[in-house]
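Subject: Structure handover and notes

Dear colleague,

I am passing the structure on to you below, and my notes on it follow directly after. Please read them with the sequence and the coordinates open beside you.

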Amino acid sequence: MNPQSTPTSLDTAQQADEFFMREALKLAAHAAQQGEVPVGAVVVKAGEIVGWGSNAPISRHDPTAHAEIAALRDAAQRIGNYRLVDCELFVTLEPCVMCVGAMFHARISRVVFGAPEYKTGAAGSVLDLFEEQRLNHHAKLQGGVLAEECAKVLTDFFAMRRAQQKSQ
C-alpha cells in the first residue's frame with residue numbers, strides 16, 4: 001500500500017510533519033482493517049516518502065513486524081542501502097526499544113511520533129533512548145504530532161475489540 005508519497009505545497013515544517021503523519025495514519029487504518037494493532041509508519045527522504053509500513057506481527061507470526069521495521073525495510077530496499085542517512089521516520093505511536101534500536105542502526109536522522117506509549121515507549125514515556133549518551137547514534141526526536149488523532153485510532157480499535165469479545 002503506497003499512499004501519496006510527496007506533499008504538494010506546504011508552507012511550514014509543521015504542515016509537512018502533519019502531512020507525513022496523516023500518511024502514517026492511513027497505514028495504521030490499513031493495519032486495523034487487517035486485525036492488527038493500528039500503527040503506521042513512513043520513512044521520508046528529501047520531502048518524499050521512500051518507505052511505508054503498517055503493523056503486521058499477528059498476520060505474519062513475527063514479533064518484529066512492527067510498522068517502523070516494515071517502513072525501514074521498505075526504504076532500505078528502495079534506496080539500496082541499509083543506512084538511511086538523512087531520512088526521517090514518522091510513526092503514529094511512540095516506538096519501542098526494538099524499533100528505536102533499528103532506527104539508530106539505520107542512522108535515521110529524525111523521528112516523529114504521534115501518540116505516547118505508556119507501557120513500552122522508548123522515546124520518553126518509559127525510557128528515553130534518544131537521550132542515552134552512551135549510544136553511538138542519536139536522532140532528533142519530536143513527539144505529539146497529531147497525537148489526539150493517533151491515540152483515537154488506537155482507542156477506537158481496542159474498544160471495538162473489547163466489544164467483540166463481550167459479544168462472543
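Glu132 has a relative accessible area of 24% and is therefore partly exposed, where buried means under 20% relative accessible area, exposed over 50% and partly exposed in between, with a 1.4 Å probe and protein chains only. Please bear in mind that this is a predicted model, in which local features need pLDDT of at least 70 and side-chain atom pairs count only at pLDDT 80 or more, while totals for chains, interfaces and linings use all residues. Residues are numbered from 1 along each chain as its sequence is written, and side-chain values use heavy atoms, with hydrogens and water left out.

To stay with the charged residues, Glu132 and Arg134 meet through their side chains in a salt bridge of 2.6 Å, N to O, a salt bridge being a side-chain nitrogen of Lys or Arg within 4 Å of a carboxyl oxygen of Asp or Glu. Arg134, with a relative accessible area of 73%, is exposed. The structure holds 7 salt bridges, and one of them joins the side chains of Glu149 and Arg22 at 2.8 Å, N to O. Because Glu149 lies in helix α5 and Arg22 in helix α1, this pair ties together parts that are 127 residues apart in sequence; helices (H or I, at least four residues) and strands (E, at least two) are DSSP runs, numbered from the N terminus. Both partners count as partly exposed, Glu149 at 34% relative accessibility and Arg22 at 37%. Within helix α5, Lys152 and Asp156 lie 4 residues apart, about one turn of the helix, and they form a salt bridge whose closest N and O atoms are 2.7 Å apart. Asp17, Glu88 and Arg110 are linked in a network of salt bridges.

Glu36 presents another picture, for it is buried yet has no salt bridge, and the nearest side chain of opposite charge, Arg161, is 6.8 Å away; here Lys and Arg count as positive and Asp and Glu as negative, with His and the chain ends not counted. Glu36 sits in the loop between α1 (13–33) and β1 (40–45), where its side chain reaches the backbone nitrogen of Ser59 at 2.6 Å and has a polar atom 3.1 Å from the backbone nitrogen of Ile58.

Turning to the strands, β1 and β2 pair in the antiparallel sense over 6 bridges, pairing being counted if DSSP finds at least two bridges between two strands. Gly40 has Ser54 in β2 as its bridge partner. Strand β2 (residues 48–54) is largely enclosed by the rest of the structure, because 6 of its 7 residues are buried.

The largest nonpolar core has 47 residues, of which Phe20, Val42, Val43, Leu72, Leu84, Leu89 and Ile108 touch the most other members; such a core is a set of buried Ala, Val, Leu, Ile, Met, Phe, Trp, Tyr and Cys residues joined through side-chain atoms within 4.5 Å. α1 gives the most to this core, with 7 residues.

Finally, Phe113 is placed in strand β4 and counts as buried at 7% relative accessibility. The C-alpha atoms of Phe113 and Ala123 are separated by 9.0 Å, the two residues being 10 residues apart along the chain.

With best wishes

Notes: A polar contact is a pair of N or O atoms within 3.5 Å; within protein, one must be able to donate a hydrogen and the other to accept it, and residues adjacent in sequence count only if both atoms are side-chain atoms.
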